[in-house]
Every structure is written in C-alpha cells, then in structure tokens.
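This briefing is written for a reader who is meeting the structure for the first time. Please keep the sequence and the model in view while reading the points below.

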Amino acid sequence: MSELRPDLAIISEWIKPGSRVLDLGCGDGTLLKYLQTHRQVSGYGLEIDPANVVACIRNRVDVIQTDLDAGLSDFDPDSFDYVVMTQTLQAVYQPHRLLREMLRIGRQGIVTFPNFGYWRLRLQLALKGRMPMSEALPHMWYETPNIRLFTLRDFEELCREQGIRILERHVLDHVHRRRAWSDLIPSLLGEIAMYRFERK
Amino acid sequence: MPKPLPADSVGLVTPRKHHFDQPLALDSGRELPEYDLVYETYGELNADRSNAILICHALSGDAHAAGYHSENDRKPGWWDSAIGPGKPIDTNRFFVVSSNNLGGCSGSTGPSSINPLTGTRYGPDFPMVTVPDWVRAQARLADVLGIERFAAVIGGSLGAMQALQWAIDYPDRLRHALLIATAPKLSAQNIAFNEVARQAILSDTEFHGGRYMDHGVVPRRGLALARMLGHITYLSDDAMRAKFGREPKGAKGKLSYSFDVDFEVESYLRHQGQSFVERFDANTYLLMTKALDYFDPAAKHGHDLSKALAHVTAEFLVVSFTSDWRFAPSRSREIVRALLDGDKDVTYAEIDAPHGHDAFLLPIPAYFDVLRAYLEQVAEEAGV
C-alpha cells in the first residue's frame, strides 16, 4: 500500500502498534488493512453498505455488517484501545450517543468530520442564502447522507458537555492535506476536522 | 441433465459409501455398532491436502449437493447453484466433500437400514442422533479421506449448526467455518413448529409405531403435513404473497365452496407435501427435527455461548437474510456477539433478501458476492 489518504496516515500515527481498533463505518477497510499490515493492529470494521462489506472481505478485514444507529450493544466496555470513525459522525442519527458509546467500548476515540464552519460554507449561506455545498459536502440538502451538520466549536462544546477530554486536533483541506495556515484559525479555515479524545 | 452441460456444472457424479466397522458412541448414551456414510466429492484434493471443503446439509438434504446422478435427472443436487467450476464454492480450486448425515434416508445408516445385531430394520429403534454425533462421524470420514484439516466447513440452517459444532469440537481441523441462516439454538417457537410436524407423523394411523415399512405402508399424510408446515416457515410472508398471492387455482377462478383447493398456495403446499413423501422417510424426519431441538452448544458451558466458543481457532463468516423469520438475523448476531466477546475472527453479512429462510439455497447476487469474496481468500490461503 503506497498512497494512504493523508487523514488515515495521521490516524495511523496516532494509533499505538499492537493495539485493538474498532473502525465505525470502515468503508472498504483501507484503514484497518493498513493498520493490520503496518501497525500489527487487530480489530473489526463496522459497515452498512453491502459493496463495502465485500470489499472488506477482499481486504481481509473482519467486518460486521451493521447499522451504527442501532447502537454498539454487541460490544463490551473497554474492549478496544481505539474506536475510530472517519467521516461518519455527521451521518448518524444521534452523534452524541454514538460518541458516548465509542468511549464506553474504547479507551480513546478518533473522529474526522466536515467542518460546517469552514469559511466558504459560511459565505455561501450568508451571501447566497442557500444550504452550502463543497468538495467535502457535495450533496444537495434533500439527498445528503450528512444529516447532522456541525462546526469545530459545536463539537468541542459537545465534548465539554459529555465529559470528553480532547487530546489532539488537526484540520485538513478537502483532499485531507494539512495546510500550515489553516491552523491559524482552524474553525474558519479547516475543511475537515480530526480529533483524538478520551473520557475525563 | 441439461444438454449441453453448462460449463460451471460438476456434471455427472457418483455417490460413494464408506463402511465404518468401529462403533460410534452417541450423545444419547447408546452406540452404533457399525455404520455406513454416503458421500460425494467434487474437484481434486491437492498434494498438500489443504483445499478440502466440507458441506453440511440441512434438515431434508443429503450427500447429493451438486451435479447429476444420471443424464435423466431433471434436477441437480440441492446446492448446485453454489458448487461447481467458477461458482462461489469453486471446484477448480477446492476439493468438496458432502456427506449424508447418520439417521438419514439417502444411503447413510438410518432407521430404514438393517440393524446388524437383530437382522431386522432399525425403524423406531434407531438411536437418537445429535449434531455432535454427526460431526464425530464426519471427522472419521475425513480421516478416511486423508483430510487432517478442512480449508472450510460450510453449512446452511441445520448444516451451519454442524459447522459451528465442528469449530467447537475439532478446533484444529478447520481453518474457516461458514454459517449461513442459522441460530445457536432453537427458540421455543422453532421447537413448537417441529413438535407439530412430529405429531402429524406420529398420529398418522399408518405410522404403526415407526414400523410402517414392516406393514408395507408409509405415513403419507403425516409426513406430507410435516413438510407443508415446514415450507410455511421457509418462506417469508412477502415471498408467499409474491409467489402465490390469492391466485385462484383451477377453472375460471370460481370458488369451490368446498374443502378442495381454491388457492394457488394450497396447491403448492400439497404438491410439496406429496413429492416429499416420495423421497423422504418419516422416521428420519422425526430424528432430524429432534437433532435440531437438542442443538445447544452453550448448554454445557453454563449457557454462555462465548465460553462454548472460547477455544475455537477457525475464522468465521456468518450470513443471515433480512426476511428469514425461522432463523432471523438476530439469531446470527447472537453467534457473532459470542465470537466478538472472545476476540475471534468473524465477518458478518446481513443480506437484504425477501425470500425468507429459503434464501440460503438461492443464488442471490449480494449473497454470492460475499461467499465468493470470502472463499477466494480461503483458496489463496490454501495455496490454490
């Protein structure tokens, strides 16, 4: 595997070798496969899409076909070192519950999500009066899977309310690159946000 | 047999029989002094014997899983859709073994066989057999075939219970277990259906306490009723609606105002019942449904399935179908959950299919995609 998507590369640096990882909405299993091969990680992916389930099988990733909105009750407390969720938090029905669940079954959580406070989105709403769209949020409002749109500040406020300690944060552009200047005002300049967090 | 034969058919196959002269101790405390197992094989065992797959049949299945016994056969084996060159269970890569369970009526020793101790037919005296008994018998067959370790043991429904039992009882003898449309044990509702089916047979006046063959008769009505009941549980409400609806049967769709067949679904069930009587044995049906009822690998482990699975080393593929109400997806999830508890390798696919329990026998594209992808990994691992 040569070109790992930059956000996944950052996540794999965050994850200690040999740990147990649960990947929520694991897609085709790219991250878990990379972690299995390069970081001696074990664990499972959860995925709802049948084509992705088949792709995971081909990638030799243990995948459980499930609906994240149905909860994670199949997993015992503290059964993973990390519970990862990339680009999915904004697509679930009850993100706050899922965050709590992540930290029930895992010691640390890692999420990435599109930042609705990104300046271009703010501008679109302010000037055009239309629901914003961007490379990171490419769907029309009536057909978007992204039903819970929120900003960096919203997320950090939710973490405070839920007793979640943020350990690390990065912001990226829509092709998941880190831009030095985005860190000046992350909530405005970051298109995609990444967080690592734990229970307080 | 269709002509020309499709390229992905295993073609003409011949069942084989092995006689075991060592007694087999059974869970019931009784033993079989000697017995035969009938089996079929498709494909070739490779030099390092790493490519063998065992197929376990369900309630009314037999060893004839794929291909045709003669050119005059109208229908192929019961899982021909999945087994053959280039099919998900690819006989170009795998050596496939399919055996008929003990107590069966398709060649393996069962109630209609002669008891060597008495010289007469076993009939109702055939000992009760269980899923673990079947697995022990199959392990001996594997010894005979020189298979130390299966690349995979695969089954649907009752067959999947055998595959699960294999993983528990012989952890070193299989790399993968594929469990399709199954449950870790029967529910009260499942047992209830089985009990009504058994009562239909037992209360047939031609059952004669299980010695019907000695009287030259068959409890046709009872066995047909049992099968009709079974078929209702194999189909979903939607599948029945789509297949039959309230389509009237017979002339101009007029109601008969009698207890004759008025609707297509009645005709279908009657046909299924009648044709089942021609090929299946009532004593076997009684035994197989009991084996289902008794299956409960967790029972010996304080009813904790994860404890029962603590020592399994096989990797699992568990598949369920959304419309299967006989063994609903939630029952498969019980198995998945127990495997997750023990950090076992498990992949779970829940196939969106309207067909009910019968789906596991059908070539549903999403289902076969999963089977194919999984078995390709198994083949690579086996070096074929």
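This is a predicted model: local features need pLDDT of at least 70, side-chain atom pairs count only at pLDDT 80 or more; totals for chains, interfaces and linings use all residues.

**Surface patch on chain A**

- Two packed helices are described by the angle between their axes and the distance between the axes.
- Helix H3 (residues 50-58) of chain A packs against helix H10 (residues 365-382) of chain B at an angle of about 10°, and their axes are 8 Å apart.
- H3(A) is therefore roughly parallel to H10(B), since angles under 35 degrees count as such.
- On the H3(A) side the contact is made by A:Val54, A:Ile57 and A:Arg58.
- H10(B) contributes B:Asp369, B:Val370, B:Ala373, B:Tyr374, B:Glu376 and B:Gln377 to this contact.

**Salt bridges**

- Side chains of opposite charge can pair when their charged atoms come close.
- Over all chains, the count comes to 32 salt bridges.
- One of the salt bridges is formed by the side chains of B:Glu381 and A:Arg60, with an N to O distance of 3.5 Å.
- This pair joins two chains, because B:Glu381 lies in helix H10 of chain B and A:Arg60 in the loop between H3 and strand E3 (63-65) of chain A.
- B:Glu381 is partly exposed at 33% relative accessibility, and A:Arg60 is partly exposed at 39%.
- Within chain B, the side chains of B:Arg211 and B:Asp125 meet in a salt bridge of 2.5 Å, N to O.
- B:Arg211 is in the loop between helix H3 (188-202) and helix H4 (220-234) of chain B, while B:Asp125 is in the loop between strand E8 (95-99) and helix H1 (131-145) of chain B, so the pair ties together parts that are 86 residues apart in sequence.
- B:Arg211 has a relative accessible area of 29% and is partly exposed; B:Asp125, at 38%, also counts as partly exposed.
- A salt bridge also pairs B:Glu264 with B:Lys249, whose closest N and O atoms are 3.7 Å apart.
- This pair links distant parts of the chain, 15 residues apart, with B:Glu264 in helix H6 of chain B and B:Lys249 in the loop between H5 and H6 of chain B.
- B:Glu264 is partly exposed at 25%, and B:Lys249 is partly exposed at 35%.
- In chain A, A:Asp173, A:Arg177 and A:Arg179 are joined into one network by salt bridges that share partners.

**The loop between H5 and H6 of chain B**

- B:Gly253 lies in the loop between helix H5 (237-243) and helix H6 (264-279) of chain B.
- B:Gly253 counts as partly exposed, at 32% relative accessibility.
- The C-alpha atoms of B:Gly253 and B:Phe263 are 8.8 Å apart in space, and the two residues are 10 residues apart in sequence.

**A buried strand residue in chain B**

- B:Ile154 is part of strand E9 (residues 152-156) of chain B.
- With a relative accessible area of 0%, B:Ile154 is buried.
- Not counting residues up to four places away in sequence, B:Ile154 touches residues including B:Ile53, B:Leu54, B:Ile55, B:Cys56, B:Trp79 and B:Leu375.
- B:Ile154 and B:Arg221 are 67 residues apart along the chain, and their C-alpha atoms are separated by 33 Å.

**Backbone details in chain B**

- B:Lys3 and B:Pro4 are joined by a cis peptide bond, with omega about -5°.
- B:Pro4 belongs to the segment before strand E1 (16-20) of chain B.
- B:Arg49 is a residue other than glycine with a positive phi, near 55°.
- B:Arg49 is found in the loop between strand E4 (35-42) and strand E5 (52-56) of chain B, where it is partly exposed at 41% relative accessibility.
- B:Ser157, a residue other than glycine, has a positive phi near 60°.
- B:Ser157 is in the loop between E9 and helix H2 (158-169) of chain B, and at 7% relative accessibility it counts as buried.

Notes
Residues are numbered from 1 along each chain as its sequence is written. Chains are lettered from A and ligands numbered from 1 in the order in which they are written. Side-chain values use heavy atoms; hydrogens and water are left out. Axes are lines fitted to C-alpha atoms, for helices over the stretch in contact, and angles run from 0 to 180 degrees between N-to-C directions. Helices (H or I, at least four residues) and strands (E, at least two) are DSSP runs, numbered from the N terminus. Angles under 35 degrees count as roughly parallel, over 145 as roughly antiparallel, 65 to 115 as roughly perpendicular and the rest as oblique. Contact means heavy atoms within 4.5 Å. Buried means under 20% relative accessible area, exposed over 50%, partly exposed in between (1.4 Å probe, protein chains only). A salt bridge is a side-chain nitrogen of Lys or Arg within 4 Å of a carboxyl oxygen of Asp or Glu.
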